[in-house]
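Subject: Structure handover

Hello,

Here is the structure I said I would pass on. Please look it over alongside the notes below.

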Amino acid sequence: MSNAHSNTKSIVNNYGFFPILLITILGFVWAVMAAARGGDPVMTPHAYMFMFAFSLAIFALVYGVATGKFVYNPYEYDDNVIKAGVIAIIFWGIAGMLVGVIIASQLAFPKFLYFENLPWTNFGRLRPLHTSGVIFGFGGNALIATSFYIVQRTCRTRLAGGLWPWFVFWGYNLFLCIAGTGYLMGITESREYAEPEWYADIWLTIVWVSYLMVFMLTLVKRKEKHIYVANWFLLSFIVTIAMLHLVNNLSLPVSFLGAKSYAAFSGVQDAMTQWWYGHNAVGFFLTTGFLGMMYYFIPKRAGRPVWSYKLSIVHFWTVIFIYIWAGPHHLHFTALPQWTQTMGMVFSVMLWMPSWGGMINGLMTISGAWDKFRTDPVLRLLVISVAFYGMATFEGPLMAVRYVNALSHYTDWTIGHVHAGALGWNGIITFGAVYCMVPWLWKKQEMYSMRLVEWHFWLAMIGIAFYIAAMWISGIMQGVMWRTYNDLGFLEYSFIETVMAMKPFYMIRALGGFLYLCGMFVLSFNVYMTIKGRGEALSLAEEEPFARKPDPESGLTPSYVAGE
């Protein structure tokens, strides 16, 4: 009895049971109060969702401790939470991209899946569902899963915090559900990439601080003296996104039991705060975090050292210093002071150098292994994504130049640029990371079908080509039509004429998105078949390719990343 009690106490202490239980109980009490108040009809569904989620969490915590289900082994990597993250990547990828195909089709055919009596089918509500589902659902889960994978292997230690990584995973996905359903009900702060209302923002803050602590404490207890460069990129993404989120989402709720709030900023200060956040969400969420993936998975998959470790350090410090100042280029020709616009433009142009330095470093890493680029479709995905990173980071500074921006801004050229980066860089490198991790996590020699990986590669490439080519052409045509005057000094084309001219390109864009979505279904089938065991299992000796000997103190066997 004494031993059993001692074991339970040890498990509870190691897993952070009590603080997580306290957070869920407090959340449950608030949700009950919000549901009981009943004065805000749009808040009530979310209150019940929180109640359901928190009650499940409380039950799982108590049941897990009472039955001894929580087994803490400090000599094994915590891979179960990463496996869950892989499943979440696929789920949110399919969901977010499916909504994207629907709204792309609605732009070409306005009545497509739109019903007047169902306001949630309106483009205005589905569009933020698509952007958040893909950026924060697909991309966010990819970042959490890969960062948990990378930091353990490069630090040769288990994730810190016991249950806290699971709190981060489930808490983050609860936020995504609250945000997505809120958009469909019309709950929004109307801030680009930051639409969720105040109560969802507070919940995300709690989850994100927990994420930061798990990552940092894992670094603190590492068995490697050196902190590998991928971890610096990942840490910068976590810290900066926390700062951006807190400042941009400062608001005053009308009621602490209601959904509506008012932003702390107004006018041009609000616009500046929004695009300081918006551009750096791209810069840190969609760039530095994914660069952490690049610096781990390309050397790992190629079996080659990072081409220049010194360049990777220069890349890190220059990117994080310069990127944070580039946001004002979104506000050219507005009420923002001219010097602020110019500063944003100058820092954006300066980003060419570190961005291309990182791209060259990633591409040159496979020097001596170019035969693998031809024969290994997973490595090809990883490397091609870096090429898209280089293309997007060339085009972005170009579009930030004031007089190029005069043509490009508010046109489909911007949409093409964003998707060249999102589909080509973020999406493709995530696919490569998933194809790397799934066999390693589920102890398989390789994916179920490398031929299906090849099919996925070409579906994605053709889909991207259709998408961005259509948007580049239509965007430049759109900008030129808006700026064309007749001999009398009047606009040559009405707005509706520019919209009509876009229709063929919108149809091509929808086709490109559909092909990219088909690739997601190919990925999901391949992952499912691999997990189900349709593949040759690894022997114990083969479990970690290029593995070093186990650390005598920790007993852990890390993955090899050349250049650590």
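This is a predicted model: local features need pLDDT of at least 70, side-chain atom pairs count only at pLDDT 80 or more; totals for chains, interfaces and linings use all residues.

Residues are numbered from 1 along each chain as its sequence is written, and side-chain values use heavy atoms, with hydrogens and water left out.

Salt bridges

The structure holds eight salt bridges (a side-chain nitrogen of Lys or Arg within 4 Å of a carboxyl oxygen of Asp or Glu). One of them joins D79 and R153, at 2.8 Å from N to O. D79 sits in the loop between α3 (43-66) and α4, and R153 in helix α5, so this pair ties together parts 74 residues apart in sequence. Helices here are DSSP runs (H or I, at least four residues), numbered from the N terminus. D79 is buried at 10% relative accessible area, and R153 is buried at 1%. Buried means under 20%, exposed over 50% and partly exposed in between, with a 1.4 Å probe and protein chains only.

R380 and E454 form another salt bridge, at 2.4 Å from N to O. R380 belongs to helix α14 (residues 377-400) and E454 to helix α17 (residues 450-482). R380 is buried, at 9%, whereas E454 is partly exposed, at 26%. R301, D376 and E446 are linked in a network of salt bridges.

Helix pair

The axes of α16 (residues 412-441) and α18 (residues 495-531) come within 12 Å and cross at roughly 10 degrees; the axes are lines fitted to C-alpha atoms over the stretch in contact, with angles from 0 to 180 degrees between N-to-C directions. The two helices are therefore roughly parallel (angles under 35 degrees). Residues of α16 that meet α18 include F431 and Y435, where contact means heavy atoms within 4.5 Å.

Surface patch and backbone

F109, F112, L113, F115, L118, W120 and M507 make a nonpolar surface patch of about 650 Å². Patch residues have over 30% relative accessible area and no salt bridge, with nonpolar side chains joined within 5 Å; areas come from the Shrake-Rupley method with a 1.4 Å probe. L113 is in the loop between α4 and α5 and is partly exposed, at 42%. L113 also has a positive phi of about 50 degrees although it is not a glycine. S190 has a positive phi as well, near 60 degrees, and is exposed, at 64%.

Regards

How values were computed
Patches are made of residues with over 30% relative accessible area and no salt bridge: like charges are joined within 9 Å, nonpolar side chains (Val, Leu, Ile, Met, Phe, Trp, Tyr) within 5 Å. Angles under 35 degrees count as roughly parallel, over 145 as roughly antiparallel, 65 to 115 as roughly perpendicular and the rest as oblique.
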